[in-house]
There are 2 protein chains.
Amino acid sequence: MIPIITAFERSPDRGRGLARDMRVRWALEEVGQPYDVRLVSFEEMKHPAHLMLHPFGQIPTYQEGDLTLFESGAIVLHIAERHAGLLPDDANARARAIVWMFAALNTVEPPIVERGMAMLVERDKAWYEARQPLLEDRVHGRLGELSSRLGDGDWLDGAFSAGDLMMMSVLLRLKSSGILDEYRNLAAYVARGEARPAYKRAFDAQLAVYAGTTSTGR
Amino acid sequence: MIPIITAFERSPDRGRGLARDMRVRWALEEVGQPYDVRLVSFEEMKHPAHLMLHPFGQIPTYQEGDLTLFESGAIVLHIAERHAGLLPDDANARARAIVWMFAALNTVEPPIVERGMAMLVERDKAWYEARQPLLEDRVHGRLGELSSRLGDGDWLDGAFSAGDLMMMSVLLRLKSSGILDEYRNLAAYVARGEARPAYKRAFDAQLAVYAGTTSTGR
């Protein structure tokens with residue numbers, strides 16, 4: 001059965017791969033699972049029909065037969081549990097890979113999103129400039145700790161896993177800021193992710209939506 | 001094998017059950033797994049020995065034989081996967097329960113934490129009052145959506161699950177604010193969680209640390 005995911009009809013990032021459907025596309029490409037994409041407008045996302053799929057009115061959703069999921073983390077974990085390639089076989093290593101998925105989403109992403117949100121909704125506020133150091137310090141705190149743990153490893157814990165996929169997708173949000181370049185090993189880590197054929201296929205598929213060519217990962 | 005978790009030697013909340021070890025204690029109590037607790041000071045949390053266990057220098061950690069985990073979400077999922085009582089048997093229902101774990105941590109918790117962080121580190125800033133509506137609106141947005149989905153259900157999706165445990169632990173952060181009382185079904189939902197015997201045992205165990213009586217869940 002071909003799963004169907006939802007993505008923005010018009011992405012705020014215009015296909016730079018930062019919308020959360022990218023994580024799901026990437027995971028599906030890593031495991032070789034074809035998928036279909038249904039595009040939704042911002043208006044449709046708040047309609048009852050979409051809220052049935054996603055109570056918070058966001059993308060992505062994931063439909064596979066009578067199963068409907070939301071939250072990119074849960075969807076990627078679902079894919080990783082049902083296909084080889086994104087989680088180690090060893091039970092302990094598998095649990096540790098899942099740790100990194102949660103760390104990406106609950107520890108590293110929040111300060112990165114806050115920084116982005118402030119740029120989006122508080123740029124015209126009197127306090128915007130004065131708050132920047134606070135926001136940047138929180139991002140640097142997490143990046144410094146992550147950089148120390150990664151050291152000179154290729155991936156966070158042994159082989160590439162769904163934990164790396166999630167962490168790199170979070171770090172990619174910082175790419176245009178230049179902040180990542182202050183951490184040489186993290187910049188190289190993200191570049192290793194972007195060099196993966198599955199990442200490239202997923203990136204091209206989401207970009208094609210905005211170039212108006214195609215919207216499917218099949 | 002008795003797992004060992006870490007918790008604050010001196011919790012910023014003085015035992016009100018808001019530190020993240022509470023989620024892990026609660027999950028362990030739900031499944032009837034005894035555990036030991038090792039208390040760490042804020043200074044110890046930044047030492048190399050603790051950073052080996054938790055690269056971001058926080059609590060809780062979870063040690064079980066040669067397995068070490070961090071991130072409360074990953075620890076609770078690990079416990080839920082290895083014991084009956086926190087995830088449904090049906091594969092689809094199980095995937096949906098995990099969705100709610102991620103939704104709690106990545107969609108509902110961030111605006112709640114931001115509101116708390118501002119109170120903690122920006123209370124003396126000139127912009128603090130002016131930013132409050134922004135912070136509150138984001139929290140209300142999520143609570144309104146969650147309240148609509150919960151409706152008059154007891155739990156988020158069928159029987160009580162790790163998804164409910166995580167969501168309630170996130171909502172409990174708002175308890176002293178009064179915000180939750182604006183959503184009658186959410187307030188009742190959280191009260192149902194607090195009424196669970198496992199919650200009470202976990203709460204009492206973390207409170208006992210600050211009352212200086214005991215620190216173990218055995």
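At what angle do the axes of H1(A) and helix H7 (residues 162-171) of chain A cross? They cross at roughly 150°, coming within 10 Å. Axes here are lines fitted to C-alpha atoms, for helices over the stretch in contact, with angles running from 0 to 180 degrees between N-to-C directions. Helices (H or I, at least four residues) and strands (E, at least two) are DSSP runs, numbered from the N terminus.

A quick word on ground rules. This is a predicted model, where local features need pLDDT of at least 70, side-chain atom pairs count only at pLDDT 80 or more, and totals for chains, interfaces and linings use all residues. Residues are numbered from 1 along each chain as its sequence is written, while chains are lettered from A and ligands numbered from 1 in the order in which they are written.

Back to that helix pair. H1(A) passes H7(A) in a right-handed crossing; a crossing is right-handed if the near helix is turned clockwise from the far one by less than a right angle, and left-handed if anticlockwise. On the H1(A) side you'll find Met22(A), Arg23(A), Trp26(A) and Ala27(A), and they meet Ala162(A), Leu165(A), Met166(A) and Ser169(A) of H7(A). Two residues are in contact if their C-beta atoms, placed from the backbone, lie within 7 Å. By class, the contact of H1(A) with H7(A) has 6 nonpolar residues, 1 polar and 1 charged. Ala, Val, Leu, Ile, Met, Phe, Trp, Tyr, Cys and Pro count as nonpolar, Asp, Glu, Lys and Arg as charged, and the others, Gly among them, as polar.

Some of those names come up again around Val76(A). Leaving out residues up to four places away in sequence, Val76(A) touches Arg23(A), Val24(A), Ala27(A), Met101(A), Ala162(A), Leu165(A) and Met166(A). Val76(A), Ala162(A) and Ala162(B) are the residues with the most contacts inside the largest nonpolar core, which has 124 residues. Such a core is a set of buried Ala, Val, Leu, Ile, Met, Phe, Trp, Tyr and Cys residues joined through C-beta atoms within 7 Å. Buried means that 20 or more other C-beta atoms lie within 10 Å of a residue's own, exposed means 12 or fewer, and partly exposed is in between, with C-beta atoms placed from the backbone.

Now for how the chains meet. 30 residues of chain B are in contact with 30 residues of chain A. On the chain B side, the elements giving two or more residues are strand S4 (67-70), H4, helix H5 (91-121) and helix H6 (128-150). H5(B) supplies the largest share, 13 residues. That side of chain B has 17 nonpolar, 7 polar and 6 charged residues. The copies meet through the same surface, because 100% of the interface residues of chain B are also interface residues in chain A.

What relates the two copies? A rotation of 180° with 0.0 Å of shift along its axis superposes chain B on chain A, with an RMSD of 0.0 Å. The copies are thus related as by a two-fold rotation axis. The superposition is by least squares on the C-alpha atoms of residues with pLDDT of at least 70 in both.

One contact between the chains pairs helix H5 (residues 91-121) of chain A with helix H4 (residues 72-82) of chain B: their axes come within 8 Å and cross at roughly 145°. This crossing is right-handed. Ala95(A), Ile98(A), Val99(A), Phe102(A) and Asn106(A) in H5(A) meet Gly73(B), Ala74(B), Leu77(B) and His78(B) in H4(B). These residues divide into 6 nonpolar, 3 polar and no charged.

H4(B) is largely enclosed by the rest of the structure, because 9 of its 11 residues are buried. Its cover comes from both chains, including H5 of chain A along with helix H1 (21-31), strand S3 (61-64), S4, H5 and helix H7 (162-171) of chain B.

Finally, some backbone details. Most residues other than glycine have a negative phi, and most peptide bonds are trans. Here, the peptide bond from Ile59(A) to Pro60(A) is cis, with omega near -5°, and Pro60(A) sits in the loop between helix H3 (48-53) and strand S3 (61-64) of chain A. A cis bond also joins Ile59(B) and Pro60(B), with omega about 0°. Arg14(A), in the loop between strand S1 (4-8) and helix H1 (21-31) of chain A, has a positive phi near 50°. Arg14(A) counts as partly exposed, because it has 13 C-beta neighbours inside 10 Å.
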